[in-house]
Amino acid sequence: RQALLDQINAVEIQAELLDPIADLPFEISSHIFTYCVPKQISLSPRHPPILFLSICTSWRHIALATPALW
């Protein structure tokens with residue numbers, strides 16, 4: 001189980017290194033995220049803002065810290 005968790009963590013770290021959003025200041029990333037959310041918010045995991053929670057750790061933190069998404 002620990003080996004699997006370590007592998008998941010390694011993949012998340014690699015994804016964050018390739019994530020251009022991670023290089024932007026929080027305020028800009030947050031603002032971009034708000035433009036991605038439709039006027040009628042869906043609670044489906046396949047649509048923003050819920051989708052943002054499953055992309056990577058940095059996107060999850062940005063989404064959870066952006067009240068305008070919710």
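1. Leu4 lies in helix H1, which covers residues 2–17. Helices (H or I, at least four residues) and strands (E, at least two) are DSSP runs, numbered from the N terminus. Leu4 is exposed, with a relative accessible area of 51%; buried means under 20% relative accessible area, exposed over 50%, and partly exposed in between (1.4 Å probe, protein chains only). Together with Leu5 and Ile8, Leu4 makes a nonpolar surface patch of about 270 Å². Patches are made of residues with over 30% relative accessible area and no salt bridge, where like charges are joined within 9 Å and nonpolar side chains (Val, Leu, Ile, Met, Phe, Trp, Tyr) within 5 Å. A salt bridge is a side-chain nitrogen of Lys or Arg within 4 Å of a carboxyl oxygen of Asp or Glu.

2. This is a predicted model, in which local features need pLDDT of at least 70 and side-chain atom pairs count only at pLDDT 80 or more, while totals for chains, interfaces and linings use all residues. Residues are numbered from 1 along each chain as its sequence is written, and side-chain values use heavy atoms, with hydrogens and water left out.

3. On confidence, the protein averages a pLDDT of 86, and 99% of the residues score at least 70; pLDDT is the predictor's confidence in each residue, from 0 to 100. Among the elements, H2 has the highest mean pLDDT (93) and H1 the lowest (81). Where pLDDT is low, the predicted coordinates should not be read in detail.

4. The secondary structure comes to 3 helices and 0 strands, in the pattern α-α-α along the sequence. The C-alpha trace spans about 40 × 25 × 15 Å along its principal axes. Of the 70 residues, 24% count as buried. The protein exposes about 5200 Å², and carbon and sulfur atoms supply 64% of that area; accessible areas come from the Shrake-Rupley method with a 1.4 Å probe, and for residues only the protein chains shown count as cover.

5. Contact means heavy atoms within 4.5 Å. Among contacts between residues at least 6 apart in sequence, 45% join residues at least 24 apart.

6. The largest nonpolar core has 9 residues: Ile21, Phe33, Val37, Phe52, Cys56, Trp59, Ile62, Ala63 and Leu69. H3 gives the most to this core, with 3 residues. A nonpolar core is a set of buried Ala, Val, Leu, Ile, Met, Phe, Trp, Tyr and Cys residues joined through side-chain atoms within 4.5 Å. In soluble globular proteins, nonpolar side chains tend to be buried together.

7. Ile21 lies in the loop between H1 and H2 and counts as buried at 12% relative accessibility. Leaving aside neighbours within four places in sequence, Ile21 is in contact with Ser29, Ile32, Phe33, Trp59 and Ile62. The C-alpha atoms of Ile21 and Trp59 are separated by 8.0 Å, although these residues are 38 residues apart along the chain. Ala63, with residues up to four places away in sequence not counted, touches Phe33, Phe52, Leu53, Leu69 and Trp70.

8. Trp70 is found in the segment after H3 and is partly exposed, with a relative accessible area of 44%. Its contacts, leaving aside neighbours within four places in sequence, are with Ile41, Pro49, Ile50, Leu53, Ala63 and Leu64.

9. Pro49 is found in the loop between helix H2 (26–36) and helix H3 (57–64). The peptide bond from Pro48 to Pro49 is cis, with omega near 5°. Most peptide bonds are trans.

10. Leu51 also lies in the loop between H2 and H3, and counts as partly exposed at 28% relative accessibility. Not counting residues up to four places away in sequence, Leu51 touches Pro45 and Arg46. Leu51 and Gln7 are 44 residues apart in sequence and 22 Å apart in space, C-alpha to C-alpha.

11. His61 has its place in helix H3 and is exposed, with a relative accessible area of 51%. His61 and Ala3 are 58 residues apart in sequence, and 24 Å apart in space, C-alpha to C-alpha.
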